[in-house]
Amino acid sequence: MAAMKLTDEQRHAVDALSVAPEHAGESKLTVFRSLPARAKLTYFREHFLVPLLAAVIIIGLATFMIVKAATPATRPKLYAAVIDDALTTTEAQQLQKDFSAKLGQSVNIDSYFDTSKDGLDKLQTMLSSKQIDVIIAPQSKFKQLAGYGYFRNLATSLDTEQRSSLRNDLVTLHGYDDADDDDPNVSGSGKGAAKPYGLSLAQAKTWNKLDGADSKALIGIAANTQNAGTAREFIDWLYR
């Protein structure tokens with residue numbers, strides 16, 4: 001069978017395919033540098049634009065995450081934990097709004113502490129990270145929390161004027177005894193010395209203006225608060 005003879009056009013096409021590309025083996029950057037000015041823009045869009053945009057986005061996200069991790073969240077000037085419906089959520093929000101306006105700074109009065117669910121775990125976690133300043137709870141629950149050692153002694157934490165004006169509202173409860181902390185079989189809860197850890201809210205005028213407020217509830221200052229001054233100011237405000 002006779003071999004097929006290529007036309008001149010086919011021979012030229014084969015020759016063109018057999019010739020190595022002009023910039024074979026060169027890097028994209030080298031090729032870019034060697035191109036004339038008019039061709040560089042097109043080459044840049046085709047070979048560099050998408051990777052460059054992706055790199056910018058990745059660097060921006062990484063920078064944002066680093067800055068966010070390094071910058072602490074703004075802490076409210078007062079964080080009050082309201083336990084077991086001592087106050088309704090709606091009224092807690094109103095109390096928060098009113099005291100924030102009086103203080104001129106942000107506060108958080110959080111009524112989402114239901115100890116029949118995960119409220120106690122939430123409270124313990126926040127106390128350990130020093131986020132809570134005051135705790136308001138029904139009498140029985142407050143007594144239990146005092147036994148855990150969660151409150152400051154108000155005999156030394158209130159100022160002189162408060163100790164005088166609120167002396168009849170102070171409630172003495174047993175605290176936590178850490179003498180046997182090394183023994184896992186012995187609990188010191190409620191075995192500590194009796195001290196005025198709480199204040200009865202029965203005579204707290206601002207508190208009792210709220211229809212859903214538990215007038216028998218107690219308030220105390222968290223043992224490791226970082227805003228003791230604001231906590232005292234909040235107590236003053238509740239009794240006015």
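A residue is called buried when its relative accessible area is under 20%, exposed when over 50%, and partly exposed in between, using a 1.4 Å probe and protein chains only. By that rule, Phe99 and Phe234 are both buried. The structure is a predicted model, in which local features need pLDDT of at least 70, side-chain atom pairs count only at pLDDT 80 or more, and totals for chains, interfaces and linings use all residues. Residues are numbered from 1 along each chain as its sequence is written, and side-chain values use heavy atoms, with hydrogens and water left out.

**Aromatic rings**

- Rings of Phe, Tyr and Trp (its six-membered ring) pair if their centres lie within 6.5 Å; planes under 30 degrees apart count as stacked, over 60 as edge-to-face and the rest as tilted.
- The count by this rule is five aromatic pairs.
- One of them joins Phe99 and Phe234 edge-to-face, at 5.0 Å centre to centre with 65 degrees between the planes.
- This pair links distant parts of the chain, 135 residues apart: Phe99 is in helix 5 (residues 89-103) and Phe234 in helix 11. Helices here are DSSP runs (H or I, at least four residues), numbered from the N terminus.
- Together with Trp237, Phe99 and Phe234 form one aromatic cluster.

**Charge over a ring**

- Lys122 lies over the face of Phe113, at 4.3 Å from the ring centre. The rule asks for NZ of Lys or CZ of Arg within 6 Å of the ring centre and within 35 degrees of the ring normal.

Definitions and conventions
Helices (H or I, at least four residues) and strands (E, at least two) are DSSP runs, numbered from the N terminus.
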